[in-house]
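Welcome, and please open your viewer. We will go from stop to stop, and at each one you will hear what to select and what is there.

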Amino acid sequence: MTTLRVVDYLDELTALGPEQAPPVAEAVLDALQHGEVELTFAGVQGVTTAFTNNLLLLIFAEHSLDALRGRLHFRFGSRLHRETLDRSMRALKELKSSP
Amino acid sequence: MRVRIAIDFNIDETVNSVYMLSSRVQPLFVLRDAPHSTRENIEVDLSACDYFGPVGVAILCLLIKDLRAAGHTVGVIPPVRPKLKAYAEYSGFAELCWGGPPPSFDHPRNETTPIVFATQRRDSEIRRVVQLVQRHSAMNDDMIISLQALLGELLMNIQDHAGAEGVMTARWFPSDQTVRIVVADLGMGLKNTLSRSYSVRSDRHAIELALSNRTSSRSQSRNLGEGLPLVHTMMTRNQGDLILASGDAIFSLIGQGRSPTTRLGALGPQTTLPGTLCALKFRIDHDLYDDDSNDDESGALEW
């Protein structure tokens with residue numbers, strides 16, 4: 001399994017804007033070609049839904065939700081990180097299931 | 001013609017203050033929005049005001065800047081009280097309004113971040129607020145992460161939805177260990193923004209929608225409508241205060257221990273606030289996760 005650290009793709013310790021998501025998404029998509037991926041938020045400070053929304057939209061534009069279940073894992077540095085990504089994931093699922 | 005507006009009351013970070021100030025400057029909002037009005041000579045008199053904080057600075061700075069940009073002459077009579085004059089300087093209000101000295105953020109006793117005008121999220125300003133609080137109080141990692149996320153969410157809203165320049169200003173209050181932050185704009189407002197994607201009946205309905213999960217203006221493809229609900233959740237957990245005002249409606253969450261009170265209603269008779277104002281009273285002394293829950297932050301996220 002490949003472990004990727006969000007913090008390695010940021011210019012600073014925060015992930016507050018959607019414009020910071022593409023390099024992370026690109027690295028995830030590349031690594032997924034070779035197997036399971038764990039993306040860790042450890043070491044990142046503030047994270048917004050603008051970042052996590054864009055990150056998930058970019059990753060799941062190329063894969064269905066089912067296709068990445070069990071292949072992409074997330075690890076978090078704080079409960080707020082987890083909650084923020086969880087909100088984006090739920091919103092994305094709703095978006096994908098809406099006609 | 002001379003238009004004179006006296007701010008002869010105090011402006012705190014409360015629902016009543018947002019109403020009082022919006023109501024008093026209502027004629028100036030009308031002037032600002034009248035494209036062909038004659039150029040007026042406006043005087044804003046603060047000499048009888050004993051206190052104003054970030055709410056007063058945000059609304060007055062935005063309004064005065066807009067009025068001047070529209071060609072009106074705006075003079076401001078400064079407050080008299082020395083403490084308030086000092087705050088006006090540190091917040092950048094004095095420099096903008098009566099050509100006072102520029103703010104000196106690096107002064108060791110400074111408790112204010114100077115007002116910043118922006119149409120884009122600026123992470124440097126978010127860092128400044130965190131730096132200000134850290135200067136006065138020890139913050140744990142959860143606090144830092146939450147404060148950065150809160151500010152990031154609010155500034156993203158200006159960037160995505162305001163359609164106008166917004167402001168952010170913050171002030172540290174040692175007496176109750178809170179940082180009071182206002183992010184505001186006099187732009188489109190929540191109702192107009194959400195009307196792109198929803199049938200919005202009123203400003204009150206717009207606030208209700210904005211605080212609901214997964215209500216997004218879809219102004220950008222990446223918007224999934226999670227920002228303001230997350231702010232609401234975080235402020236509830238913080239047991240702090242949150243005020244969200246737009247048009248003729250205002251929402252408040254007043255943290256009172258474990259029984260916060262929320263209210264959504266009219267701003268006040270014949271009073272509207274253009275754009276959107278969000279005021280936070282964030283408690284630094286409060287543990288955000290005091291429930292000892294087994295919520296494992298490091299575990300995998302299932303979907």
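Is the crossing of α7(B) and α10(B) left-handed or right-handed? It is left-handed; the word applies if the near helix is turned anticlockwise from the far one by less than a right angle, and right-handed applies if clockwise.

Before you select anything, note that this is a predicted model, in which local features need pLDDT of at least 70, side-chain atom pairs count only at pLDDT 80 or more, and totals for chains, interfaces and linings use all residues. Residues are numbered from 1 along each chain as its sequence is written, while chains are lettered from A and ligands numbered from 1 in the order in which they are written.

**Stop 1: two helices of chain B**

Select residues 141-162 of chain B for helix α7 and residues 227-238 of chain B for helix α10. (Helices, H or I with at least four residues, and strands, E with at least two, are DSSP runs numbered from the N terminus.) Their axes come within 9 Å and cross at roughly 145°. Axes here are lines fitted to C-alpha atoms, for helices over the stretch in contact, and angles run from 0 to 180 degrees between N-to-C directions.

Now show the side chains where they meet: Ser146(B), Leu150(B), Glu153(B), Leu154(B), Met156(B) and Asn157(B) from α7(B) face Gly227(B), Leu230(B), Val231(B) and Met234(B) from α10(B). Contact means C-beta atoms, placed from the backbone, within 7 Å.

**Stop 2: the sheet of chain B**

Next, find the open sheet of three strands in chain B, with order β1-β2-β3 and parallel pairing. Strands pair if DSSP finds at least two bridges between them. β1 (2-6) and β3 (73-77) of chain B are at the edges with a single partner strand each, so one side of each has no neighbour in the sheet. From one strand to the next, the twist averages 15°.

Select β2 (residues 41-45) of chain B: five bridges join this strand to β3(B). Asn41(B) has Thr73(B) as its bridge partner in β3(B).

**Stop 3: a helix pair in chain A**

Move to α1 (residues 21-32) and α2 (residues 49-62) of chain A, which pack at about 35° with axes 9 Å apart. The crossing of α1(A) and α2(A) is right-handed. Among the residues that meet are Val28(A) and Leu29(A) in α1(A), and Phe51(A) and Leu55(A) in α2(A).

**Stop 4: where the chains touch**

Finally, show both chains: 35 residues of chain A are in contact with 28 residues of chain B. On the chain A side, α4(A) gives the most, with 14 residues.

Key
Two residues are in contact if their C-beta atoms, placed from the backbone, lie within 7 Å.
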